[in-house]
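Dear colleague,

Here is the structure I promised to hand over to you. Please have it open while you read the notes that follow.

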Amino acid sequence: MFEDIPVDVSPMYEGERIRSANMFVELAGPKSWGAELVQVEETVEDGKVEVIGPELQDMGEGDIHPLGIKIEIQGEALEKELEGVIERRTHELCNYIKGFMHLNQRDQIWCRVSKEALEAGFKLEDLAKALLILFKEEYPIIESIAITIMTDEDEVQRFVEKARLQYEQRDARARELSDEDVDVFYGCVMCQSFAPTHVCVVTPDRTALCGAINWFDCRAAAKMDPDGPIFEIEKGEVLDEVKGEYSTVNEVVSQRSQGTFDTVYLHSVFGHPHTSCGCFEAVAFYIPELDGIGIVDRDFRGETPLGIPFSAMAGQCSGGKQVEGFTGLSLEYMRSPKFLQADGGYERIIWLPKEIKESLSEYIPGDLKDKIPTEEESANIKDMRAFLEEKGHPILDRLEGTPGEVEEAPVQEEESVEYAEMDMEAMPVAPVAYAPEFTMPASGGVKIIFKNAKIYAEKVIIKKN
Ligand code: SF4
Ligand SMILES: [Zn+2]
């Protein structure tokens, strides 16, 4: 199937990490720009592949180039609402290609090509060719598909702007609904390939933490493939409306996290916050000294007032963990009226990167806008306290009143930044163990539980005794 492609293409390469010593070029990412976009069209020239801009063979070792991945699809049963979910698979499918690494989503993508892939003759054209086949295999409802890869600076710039408009349209639609308006939420376990206990709960108010999948996207995906990674969750009994705790959500999360977690609060960082995989757009973190919450996003390069950058913070709570005082979230969730409502919403926010504060300006209550410091006003707790006191931030009432629910910050800098994407060199590679052959006992039975494991098998034979 992939005979024309000079490198192997298989799910077994999904965990492959390309570190700088082995890297030929970097595409998009924090030092450049890029985006991926899937669009459902009425007519698409099936099998068309185009590369606009320099090919890998025209690039120099260690170069960094922008990257655009445009995927046009057509099919009788394809709905516009499926674009977001199909687009989210780009990450996984690109990673099937040996020597090509893809991280993140939307306009946050970050890719690398290995030296070995280049030596084998791999081109960006092959990336497009492999994706053509993989997308059609994954989604039989795609009848025609065309893929354009862009590396030309101006072309990618224009493409990123266009893609952002599309993302905004998708997100804006979900803003019209709220959790009370629906009977079902959705779950997504696509990220369990690297965060085995992570279960995203997607509600109208809580867009998935990767920021790429909202309630409407999930509805379309679950309808198309009810046994797929995105599934319906009946709301069930409301156990705590403010925290966002629902009986069925708890049951499903327990089942899908292999019993690791049995309680999830959708709208709080305390107690049982939503689990975090690693592709979250931002992290909410508790600041115990001031009993407030800070938010740091993936694009923020400096240190947070806790003295650690986003990457270390992400390392704290990624990999499918539920860590009290931390939760990964999407920037879209910060536009919801339910945004961390159990913790006080924006009244509890005492630090934000300037860029985020500006981009969410219309969603921050007017009287709080000048009271929330950014990296410009407070680089540490001392400055932050002075700023909050000077501006009369409502957190001061809380500080005078009851103490916080978490007494100590559970922050320790971790060495391994599992999938945090800021420190690609630090990302772990899963060890591989081989089980050539084993025999089951004749009676009594055995139960084998693999956690954090991926299993590759050339052949599996199951015989009935
Ligand atoms: S972050 Fe959540 S919604 Fe997004 S792909 Fe992963 S599991 Fe699915
Ligand atoms: Zn994820």
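Two definitions come first: a residue is called buried if 20 or more other C-beta atoms lie within 10 Å of its own, exposed if 12 or fewer do, and partly exposed in between, with C-beta atoms placed from the backbone. A nonpolar core is then a set of buried Ala, Val, Leu, Ile, Met, Phe, Trp, Tyr and Cys residues joined through C-beta atoms within 7 Å.

This is a predicted model, in which local features need pLDDT of at least 70 and side-chain atom pairs count only at pLDDT 80 or more, while totals for chains, interfaces and linings use all residues. Residues are numbered from 1 along each chain as its sequence is written, and chains are lettered from A and ligands numbered from 1 in the order in which they are written.

The protein has 465 residues, of which 46% are buried, and it contains 10 helices and 17 strands (DSSP runs numbered from the N terminus, H or I with at least four residues for helices and E with at least two for strands). Among contacts between residues at least 6 apart in sequence, 73% join residues at least 24 apart, where a contact means that two C-beta atoms, placed from the backbone, lie within 7 Å.

Which residues touch the most other members of the largest nonpolar core? In this core of 126 residues they are C188, V201, V202, V283 and I350. Helix α3 (residues 124-138) gives the core its largest share, 7 residues, and at least three residues come from each of domain 1 (11-173) and domain 2 (177-424), whose bounds come from an automatic or database domain assignment.

If neighbours within four places in sequence are left aside, the contacts of C188 include C200, A208 and C218. C218 is itself one of the buried residues of helix α5 (residues 215-224), and the buried residues of α5 pack against α1 (83-94), α4 (153-175), β9 (184-188), β10 (200-202) and β11 (230-234).

Strand β2 (residues 34-40) is largely enclosed by the rest of the structure, because 5 of its 7 residues are buried. It runs parallel to strand β5 (residues 67-74), to which 7 bridges join it (strands pair if DSSP finds at least two bridges between them), and Q39 stands opposite E72 in β5.

L340 lies in the loop between β16 (326-329) and β17 (349-351), and is buried with 27 other C-beta atoms within 10 Å. Most residues other than glycine have a negative phi. L340, however, has a positive phi of about 40 degrees, and D291, in the loop between β14 and β15 (292-297), has a positive phi near 55 degrees.

With best wishes
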